Amino acid sequence: MKPTPEPFTKTELIKLIAASTMPNVVKIAMKAGNTIPEITEAGLEADYTRQGVHSAIRSAGFRTRSERSDKGQTLKVKIGKLIEEARALEARLTQQSSGSSGSNQ
């Protein structure tokens, strides 16, 4: 069994950043157990911009923002309401057109 790696210190992260690309450092650091804020802080000290660090985090395959708490349920509800409204409107239009065509003949 592999021993679980310990998270890198900020100094170690800065040394890694100097020796490799930021996305590679992110992959290595995340496997070791470092957090996004720790990686961001080390990246900023290594003269990366915050945008550059977060871009590297995203390109390494990690999310930098928390996921939506409702996991898209709000959008599903809104779409469901729109579909219901469209069906009701279609039913009204069908009813009106059949009612008006019957009275005109």
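The structure is a predicted model, in which local features need pLDDT of at least 70, side-chain atom pairs count only at pLDDT 80 or more, and totals for chains, interfaces and linings use all residues. Residues are numbered from 1 along each chain as its sequence is written, and side-chain values use heavy atoms, with hydrogens and water left out.

Start with the fold. The chain holds five helices and zero strands. Read from the N terminus, its elements run α-α-α-α-α. Helices here are DSSP runs of H or I with at least four residues, strands are runs of E with at least two, and both are numbered from the N terminus. Of the 105 residues in the chain, 17% are buried. Buried means under 20% relative accessible area, exposed means over 50%, and partly exposed lies in between, with a 1.4 Å probe and protein chains only.

Now look at how the helices pack. The axes of α1 and α3 lie 9 Å apart, at an angle of about 60 degrees. That angle makes α1 oblique to α3. The axes are lines fitted to C-alpha atoms, for helices over the stretch in contact, and angles run from 0 to 180 degrees between N-to-C directions. Under 35 degrees counts as roughly parallel, over 145 as roughly antiparallel, 65 to 115 as roughly perpendicular, and the rest as oblique. The crossing of α1 past α3 is right-handed. A right-handed crossing has the near helix turned clockwise from the far one by less than a right angle; anticlockwise makes it left-handed.

Helix α3 also meets helix α4 (residues 50–59), where the axes come within 9 Å and cross at roughly 135 degrees. These two helices are therefore oblique to each other. Their crossing is right-handed.

Next, the charged contacts. Side chains of opposite charge can pair when their charged atoms come close. A search of the whole structure turns up two salt bridges. Each needs a side-chain nitrogen of Lys or Arg within 4 Å of a carboxyl oxygen of Asp or Glu. One joins K10 to E41, at 2.8 Å from N to O. K10 lies in helix α1 (residues 10–19) and E41 in helix α3 (residues 36–45), so this pair ties together parts that are 31 residues apart in sequence. Another joins K10 to E45, also at 2.8 Å from N to O. Here K10 in α1 and E45 in α3 are 35 residues apart, and the pair links distant parts of the chain. Together, K10, E41 and E45 form a salt-bridge network.

How open are these residues? K10 is partly exposed, at 34% relative accessibility. E41 is partly exposed at 41%. E45 is partly exposed at 46%.

Helix α1 also carries L16. This leucine is partly exposed, with a relative accessible area of 23%. The C-alpha atoms of L16 and I28 are 9.2 Å apart, and the two residues are twelve positions apart along the chain.

Finish at helix α5 (residues 73–104), where I83 is found. I83 is partly exposed, at 38% relative accessible area. With L75 and I79, I83 forms a nonpolar surface patch of about 260 Å² accessible area together. Accessible areas come from the Shrake-Rupley method with a 1.4 Å probe, and for residues only the protein chains shown count as cover. Patch residues have over 30% relative accessible area and no salt bridge; like charges are joined within 9 Å, and nonpolar side chains (Val, Leu, Ile, Met, Phe, Trp, Tyr) within 5 Å.
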